Amino acid sequence: MAAALDALVQGEIMQAKSKKEELSNMEHYLRKSYFKTSSLICSSCKSAALLCGFDENHSLTKAAEEYGYHLGMAFQIIDDILDFSGASASLGKPAQADMVLGLATAPILFASEDHKELIPLIQRRFKENGDVGKAVALASRTDCVEKSYALAEFHANRAIDALMRFPASESRDALLKVVHVAITRDK
(Lines give C-alpha, C1' and ligand atoms only; values in the text may rest on other atoms or scores of the structure.)
Protein backbone atom coordinates (compact mmCIF):
# COMPACT_ATOMS: atom_id res chain seq x y z
CA MET A 1 0.00 0.00 0.00
CA ALA A 2 3.01 2.29 0.42
CA ALA A 3 3.50 1.97 -3.34
CA ALA A 4 -0.08 3.17 -3.86
CA LEU A 5 0.55 6.24 -1.73
CA ASP A 6 3.76 6.90 -3.67
CA ALA A 7 1.83 6.63 -6.95
CA LEU A 8 -0.82 9.06 -5.70
CA VAL A 9 1.85 11.60 -4.84
CA GLN A 10 3.54 11.04 -8.23
CA GLY A 11 0.19 11.68 -9.91
CA GLU A 12 -0.31 14.95 -8.06
CA ILE A 13 3.22 16.08 -8.93
CA MET A 14 2.71 15.01 -12.53
CA GLN A 15 -0.50 17.04 -12.71
CA ALA A 16 1.05 20.13 -11.13
CA LYS A 17 4.34 20.09 -13.06
CA SER A 18 3.28 18.90 -16.50
CA LYS A 19 4.96 20.60 -19.44
CA LYS A 20 2.51 22.35 -21.72
CA GLU A 21 3.15 19.85 -24.54
CA GLU A 22 2.21 16.99 -22.20
CA LEU A 23 -1.16 18.53 -21.31
CA SER A 24 -2.61 17.68 -24.73
CA ASN A 25 -1.18 14.15 -24.84
CA MET A 26 -3.55 11.22 -24.27
CA GLU A 27 -0.78 8.93 -23.00
CA HIS A 28 0.16 11.53 -20.39
CA TYR A 29 -3.50 11.77 -19.31
CA LEU A 30 -3.76 7.98 -19.01
CA ARG A 31 -0.53 7.74 -16.99
CA LYS A 32 -1.75 10.50 -14.66
CA SER A 33 -5.11 8.71 -14.32
CA TYR A 34 -3.28 5.55 -13.32
CA PHE A 35 -1.22 7.35 -10.69
CA LYS A 36 -4.10 9.40 -9.25
CA THR A 37 -6.91 6.81 -9.29
CA SER A 38 -6.20 3.40 -10.71
CA SER A 39 -3.04 2.75 -8.68
CA LEU A 40 -4.99 2.74 -5.42
CA ILE A 41 -7.58 0.27 -6.70
CA CYS A 42 -4.87 -1.82 -8.35
CA SER A 43 -2.79 -2.01 -5.17
CA SER A 44 -5.86 -2.74 -3.05
CA CYS A 45 -6.84 -5.68 -5.24
CA LYS A 46 -3.30 -7.03 -5.27
CA SER A 47 -3.12 -6.65 -1.47
CA ALA A 48 -6.35 -8.59 -1.09
CA ALA A 49 -4.88 -11.47 -3.08
CA LEU A 50 -1.70 -11.40 -0.99
CA LEU A 51 -3.73 -11.36 2.24
CA CYS A 52 -5.60 -14.42 0.97
CA GLY A 53 -2.27 -16.23 0.86
CA PHE A 54 -1.39 -16.05 -2.82
CA ASP A 55 2.25 -15.46 -3.74
CA GLU A 56 3.09 -12.16 -5.45
CA ASN A 57 3.78 -13.98 -8.74
CA HIS A 58 0.70 -16.25 -8.56
CA SER A 59 -1.59 -15.97 -11.57
CA LEU A 60 -4.53 -14.94 -9.37
CA THR A 61 -2.49 -12.17 -7.73
CA LYS A 62 -1.65 -10.89 -11.21
CA ALA A 63 -5.30 -11.21 -12.24
CA ALA A 64 -6.44 -9.26 -9.17
CA GLU A 65 -3.90 -6.54 -9.94
CA GLU A 66 -5.02 -6.33 -13.58
CA TYR A 67 -8.67 -6.21 -12.50
CA GLY A 68 -7.92 -3.28 -10.20
CA TYR A 69 -5.89 -1.44 -12.82
CA HIS A 70 -8.60 -1.65 -15.46
CA LEU A 71 -11.46 -1.02 -13.03
CA GLY A 72 -9.69 2.12 -11.83
CA MET A 73 -9.06 3.36 -15.36
CA ALA A 74 -12.68 2.76 -16.38
CA PHE A 75 -13.93 4.50 -13.22
CA GLN A 76 -11.74 7.58 -13.82
CA ILE A 77 -12.66 7.90 -17.48
CA ILE A 78 -16.37 7.71 -16.62
CA ASP A 79 -15.80 10.32 -13.92
CA ASP A 80 -14.19 12.58 -16.51
CA ILE A 81 -17.08 12.05 -18.95
CA LEU A 82 -19.59 12.96 -16.24
CA ASP A 83 -17.62 16.11 -15.39
CA PHE A 84 -17.39 17.14 -19.03
CA SER A 85 -21.06 16.44 -19.83
CA GLY A 86 -22.34 18.32 -16.81
CA ALA A 87 -23.77 15.22 -15.14
CA SER A 88 -21.48 15.88 -12.19
CA ALA A 89 -23.69 18.87 -11.31
CA SER A 90 -26.10 16.36 -9.74
CA LEU A 91 -23.32 15.60 -7.24
CA GLY A 92 -22.95 19.23 -6.26
CA LYS A 93 -19.80 19.56 -8.38
CA PRO A 94 -19.96 22.28 -11.06
CA ALA A 95 -19.96 21.14 -14.68
CA GLN A 96 -16.57 21.21 -16.40
CA ALA A 97 -14.85 21.57 -13.02
CA ASP A 98 -11.79 19.80 -14.43
CA MET A 99 -11.34 22.41 -17.16
CA VAL A 100 -11.89 25.23 -14.66
CA LEU A 101 -9.01 23.66 -12.71
CA GLY A 102 -6.94 23.62 -15.92
CA LEU A 103 -7.23 19.88 -16.57
CA ALA A 104 -7.83 18.29 -19.97
CA THR A 105 -9.45 14.87 -19.70
CA ALA A 106 -10.39 12.18 -22.22
CA PRO A 107 -13.36 13.98 -23.84
CA ILE A 108 -11.40 17.18 -24.54
CA LEU A 109 -8.32 15.25 -25.64
CA PHE A 110 -10.40 13.22 -28.10
CA ALA A 111 -12.07 16.43 -29.32
CA SER A 112 -8.65 17.98 -29.91
CA GLU A 113 -7.95 15.27 -32.49
CA ASP A 114 -10.70 16.83 -34.66
CA HIS A 115 -10.28 20.44 -33.58
CA LYS A 116 -6.59 21.31 -33.33
CA GLU A 117 -7.57 24.80 -32.14
CA LEU A 118 -8.29 23.18 -28.76
CA ILE A 119 -4.60 22.45 -28.21
CA PRO A 120 -3.58 26.03 -27.32
CA LEU A 121 -6.51 26.21 -24.86
CA ILE A 122 -5.42 22.94 -23.27
CA GLN A 123 -1.79 24.04 -23.14
CA ARG A 124 -2.67 27.29 -21.35
CA ARG A 125 -4.89 25.28 -18.98
CA PHE A 126 -8.10 27.07 -20.07
CA LYS A 127 -6.95 30.21 -18.22
CA GLU A 128 -8.14 32.89 -20.65
CA ASN A 129 -11.63 34.25 -20.35
CA GLY A 130 -14.00 32.13 -22.46
CA ASP A 131 -11.62 29.17 -22.91
CA VAL A 132 -13.86 26.67 -21.14
CA GLY A 133 -16.95 27.74 -23.09
CA LYS A 134 -15.08 27.64 -26.39
CA ALA A 135 -13.67 24.19 -25.59
CA VAL A 136 -17.12 22.83 -24.73
CA ALA A 137 -18.62 24.33 -27.89
CA LEU A 138 -15.93 22.83 -30.12
CA ALA A 139 -15.99 19.47 -28.38
CA SER A 140 -19.78 19.23 -28.61
CA ARG A 141 -19.40 19.04 -32.40
CA THR A 142 -17.35 15.83 -32.14
CA ASP A 143 -17.84 12.26 -31.00
CA CYS A 144 -15.48 12.84 -28.05
CA VAL A 145 -17.94 11.53 -25.46
CA GLU A 146 -18.58 8.36 -27.46
CA LYS A 147 -14.83 7.81 -27.90
CA SER A 148 -14.35 8.32 -24.16
CA TYR A 149 -17.08 5.80 -23.37
CA ALA A 150 -15.42 3.34 -25.77
CA LEU A 151 -12.12 3.79 -23.91
CA ALA A 152 -13.86 3.22 -20.57
CA GLU A 153 -15.59 0.13 -21.97
CA PHE A 154 -12.24 -1.20 -23.21
CA HIS A 155 -10.88 -1.00 -19.66
CA ALA A 156 -14.09 -2.46 -18.19
CA ASN A 157 -13.82 -5.42 -20.56
CA ARG A 158 -10.16 -5.97 -19.63
CA ALA A 159 -11.19 -5.91 -15.94
CA ILE A 160 -13.81 -8.57 -16.68
CA ASP A 161 -11.25 -10.64 -18.61
CA ALA A 162 -8.92 -10.55 -15.60
CA LEU A 163 -11.74 -11.44 -13.24
CA MET A 164 -12.80 -14.42 -15.34
CA ARG A 165 -9.46 -16.07 -14.49
CA PHE A 166 -10.82 -16.54 -10.96
CA PRO A 167 -12.98 -19.56 -10.15
CA ALA A 168 -16.73 -18.98 -10.28
CA SER A 169 -18.01 -17.73 -6.93
CA GLU A 170 -20.34 -15.22 -5.31
CA SER A 171 -17.31 -12.99 -4.73
CA ARG A 172 -16.39 -13.00 -8.40
CA ASP A 173 -20.01 -12.22 -9.29
CA ALA A 174 -19.98 -9.29 -6.87
CA LEU A 175 -16.77 -7.94 -8.44
CA LEU A 176 -18.37 -8.25 -11.89
CA LYS A 177 -21.23 -6.09 -10.59
CA VAL A 178 -18.71 -3.50 -9.42
CA VAL A 179 -17.44 -3.19 -13.00
CA HIS A 180 -21.00 -2.82 -14.26
CA VAL A 181 -21.77 -0.09 -11.71
CA ALA A 182 -18.51 1.76 -12.52
CA ILE A 183 -19.21 1.82 -16.25
CA THR A 184 -22.94 2.57 -16.15
CA ARG A 185 -23.08 5.14 -13.36
CA ASP A 186 -24.52 8.54 -14.12
CA LYS A 187 -23.23 10.36 -11.07
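Biologist: How much space lies in the largest pocket?

Modeller: About 240 Å³. First, some ground rules. This is a predicted model, in which local features need pLDDT of at least 70, side-chain atom pairs count only at pLDDT 80 or more, and totals for chains, interfaces and linings use all residues. Residues are numbered from 1 along each chain as its sequence is written, and side-chain values use heavy atoms, with hydrogens and water left out.

Biologist: What counts as a pocket, and what as a cavity?

Modeller: Both are found on a 1 Å grid over the protein atoms alone. A cavity is a set of points where a 1.4 Å probe fits but cannot get out. A pocket is an open set with protein on both sides within 12 Å along at least five of seven lines. Lining residues have an atom within 4 Å of a point. Grid points are joined across faces, edges and corners, and a volume is the space filled by probe spheres set on the points.

Biologist: Which residues lie nearest the centre of the largest pocket?

Modeller: Ala 48, Ala 49, Ala 64, Phe 166 and Leu 175, out of 14 lining residues. Helix 2 (26–51), helix 3 (59–85) and helix 9 (170–184) are the elements that give two or more residues to that lining. Helices here are DSSP runs (H or I, at least four residues), numbered from the N terminus.

Biologist: What is the make-up of this lining by class?

Modeller: It has 11 nonpolar, two polar and one charged residues. Ala, Val, Leu, Ile, Met, Phe, Trp, Tyr, Cys and Pro count as nonpolar. Asp, Glu, Lys and Arg count as charged, and the others, Gly among them, as polar.

Biologist: What lines the second largest pocket?

Modeller: This pocket holds about 170 Å³ of space. It is lined by 13 residues, with Gln 15, Lys 32, Lys 36, Gln 76 and Asp 80 nearest its centre. By class, the lining has two nonpolar, five polar and six charged residues. The largest share, five residues, comes from helix 2.

Biologist: How many cavities of 30 Å³ or more does the structure hold?

Modeller: One. The largest cavity has a volume of about 90 Å³. Its lining includes Gln 15, Lys 32, Gly 102 and Arg 125. Helix 2 gives the largest share of that lining, three residues. The classes are four nonpolar, five polar and three charged.

Biologist: Where is Arg 125?

Modeller: In the loop between helix 6 and helix 7. Arg 125 has a positive phi of about 60° although it is not a glycine. Phe 126 lies in that loop too, with a positive phi of about 55°.

Biologist: Is Phe 126 buried or exposed?

Modeller: Buried, with a relative accessible area of 5%. Buried means under 20%, exposed over 50%, and partly exposed in between (1.4 Å probe, protein chains only).

Biologist: What is a nonpolar core?

Modeller: In soluble globular proteins, nonpolar side chains tend to be buried together. A core is a set of buried Ala, Val, Leu, Ile, Met, Phe, Trp, Tyr and Cys residues joined through side-chain atoms within 4.5 Å. Here the largest one has 41 residues, and Tyr 67, Ile 77, Ile 108, Ile 122 and Phe 126 touch the most other members. Helix 3 supplies the largest share of this core, 10 residues.

Biologist: How many aromatic pairs does the structure hold?

Modeller: Two. Rings of Phe, Tyr and Trp (its six-membered ring) pair if their centres lie within 6.5 Å. Planes under 30 degrees apart count as stacked, over 60 as edge-to-face, and the rest as tilted. Tyr 34 and Tyr 69 form a tilted pair, 5.7 Å centre to centre, with 45° between the planes. This pair links distant parts of the chain: Tyr 34 is in helix 2 and Tyr 69 in helix 3, 35 residues apart. Tyr 34 is partly exposed at 26% relative accessibility, and Tyr 69 is partly exposed at 27%. Tyr 34, Phe 35 and Tyr 69 form one aromatic cluster.

Biologist: Which charged end sits over the ring of Phe 75?

Modeller: That of Arg 185, 4.0 Å from the ring centre. The test asks for NZ of Lys or CZ of Arg within 6 Å of the ring centre and within 35 degrees of the ring normal.
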